[in-house]
Amino acid sequence: MQFTSPQFKENSAGALVDPQLQKALKNVEKGFVEKRAMAAAAMPEFDALRDRGRDIKNHTLEHLDLYLDVYEKKVTASGGIVHWAESAEDARQIILKICQSVNAKTVTKGKSMITEEINLNEFLESQGIEPVETDLGEYIIQLRGEHPSHIIAPAVHLNKEQVEADFRRVHTHLDANRDLSEPVSLLAEARAVLRKRYFQADVGITGANFLIAETGSSVIVTNEGNGDMTQTLGKVHVVVASIEKMVPTLEDCSQILRILARSATGQDMSVYTTFSTGPKRAEDPDGPDQYHVVLLDNGRTSMLGTEFQDMLRCIRCGACINHCPVYHAIGGHAYGSVYPGPMGAVLTPSLFGIDQSAHLPNASTFCGRCESVCPMRIPLPKMMRNWREREFERHLTPATARYGLGVWAFFAKRPKLYRAASSLGMRALSILGGARHRIRSLPLATGWTKYRDLPAPEGGTFVQQWAARQAAKQED
Ligand code: SF4
């Protein structure tokens, strides 16, 4: 995808005045949030499982080299092959070689954010190999030449009418008078079109929700069964996964699975949870002849041992995105990166550099909802603050903000002067607010007053009010 995080402000301005997008985003704000709340409330041990999930992932990250090694040995013992990819380009070249080795013309794909991260579709197309997305949401956005706007609901920014128009535009071999007015008819059409593609594909590419060191298995969690068709019907199954998807044991995996779907869609479990271990064995009725795992680093090891290591606990449930008021206002494409919302605000600078994505850690109200719902208890606001600090240190913060903070620091180091200046400033703003107690425009605050009035301060400063309360308490 085209990386447009540096244009985050322009992207957001466009998203805010897009009425169709604004309507679609209401589905995220309501549906996902209510369903997650109900699922969590119905499970008394939900918070205990969150603690357990955090501990499992922390332990795994502390010993990641060990578990990766064990995992590779287990995959090899089951007849599969592990490929190590340090960068996105390494991963693309490895996948290309696998495809070329079986003269692949078409590959089917299960939903995978990692393949989005490495721009796999564009690359395969440039090499004369057709990638076919088989997850319904991914299929829809592939027809439109778009990228996911949400990590678990890639087409959440679209409505039914748009999908119908796309199907009519692309599926020209079907009856022009067919009824596509209901979602179920759209689903049936996509299913019929895609079913043929599974049998044409030479290679099936999936991501992995988990990699299990104990057994050398990869695990995918889906609701449509498309991932299972993708990985069993092609001659070759390629799993593309980042290294932090590792968990030590099947038991660890099952513990985290209990909070994954509940946090994501509010389901007790996703419809399909599929464990794959190696290629087809002699006694298996079906399955791929070859099983490859491409293990991608792409900047993750440089997060280990830093203040951003906790981010590697992420299981891509999307709960932080679903609860983010900024995402609710602008949707996913405005972030200009593969990963939107709070998790993207931390992960994107880690993977692509703060120079290119400095706006993202600032795209937060710091309400804390993301951290409060994260099943892996990732301290997202804290890490966004860490990125803001790095941004400030590297002079990437706008000059006005830097000078503003410098002025504030000057006064903050001199408490008496600070109190006098804040009292004076408050009185001036109060006068500016007039009888309405609202300020229409204010230099240095135009980012606010361009869209709404600034409430004028009333009463005393914080220190004055605190002193008054203490005095009142003493009188009592
Ligand atoms: S940061 Fe937490 S809430 Fe957000 S996607 Fe990752 S695991 Fe889910």
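Does Pro379 count as buried or exposed, and at what relative accessibility? At 12%, Pro379 counts as buried. The cut-offs: buried is under 20% relative accessible area, exposed is over 50%, and partly exposed is in between, with a 1.4 Å probe and protein chains only.

Quick ground rules. This is a predicted model, where local features need pLDDT of at least 70, side-chain atom pairs count only at pLDDT 80 or more, and totals for chains, interfaces and linings use all residues. Residues are numbered from 1 along each chain as its sequence is written, and side-chain values use heavy atoms, with hydrogens and water left out.

Back to Pro379. It sits in the loop between H17 and helix H18 (380-393). Helices here are DSSP runs of H or I, at least four residues, and strands are runs of E, at least two, numbered from the N terminus. Leaving out residues up to four places away in sequence, Pro379 touches Asp310, Arg313 and Glu371. Contact means heavy atoms within 4.5 Å. Phe308 is 71 residues from Pro379 in sequence, yet 9.6 Å away in space, C-alpha to C-alpha.

Arg377 forms a salt bridge with Asp47, closest N and O atoms 3.8 Å apart. That pair links the H17-H18 loop to helix H3, 330 residues apart. A salt bridge needs a side-chain nitrogen of Lys or Arg within 4 Å of a carboxyl oxygen of Asp or Glu. Arg377 is partly exposed at 24%, and Asp47 is partly exposed at 42%.

The structure holds 28 salt bridges. Another one joins Glu45 and Arg258, at 2.7 Å, N to O. Glu45 is in the loop between H2 and H3 and Arg258 is in helix H12, so the pair ties together parts 213 residues apart in sequence. What about a buried pair? Arg316 and Glu244 are both buried, and their side chains meet at 3.3 Å, N to O.

Now H2, residues 19-41. Its 23 residues should span 33 Å, and the end C-alpha atoms are 34 Å apart, which agrees. The expected span is 1.5 Å times one less than the number of residues. Buried residues of H2 include Leu21, Val28 and Phe32. The buried residues of H2 pack against helices including H1, H3 and H12.

Last, the sheet. It is open, with 6 strands in the order S1-S10-S7-S4-S2-S3 and parallel pairing. Strands pair if DSSP finds at least two bridges between them. S1 and S3 are the edge strands. S2 and S4 pair over 3 bridges.
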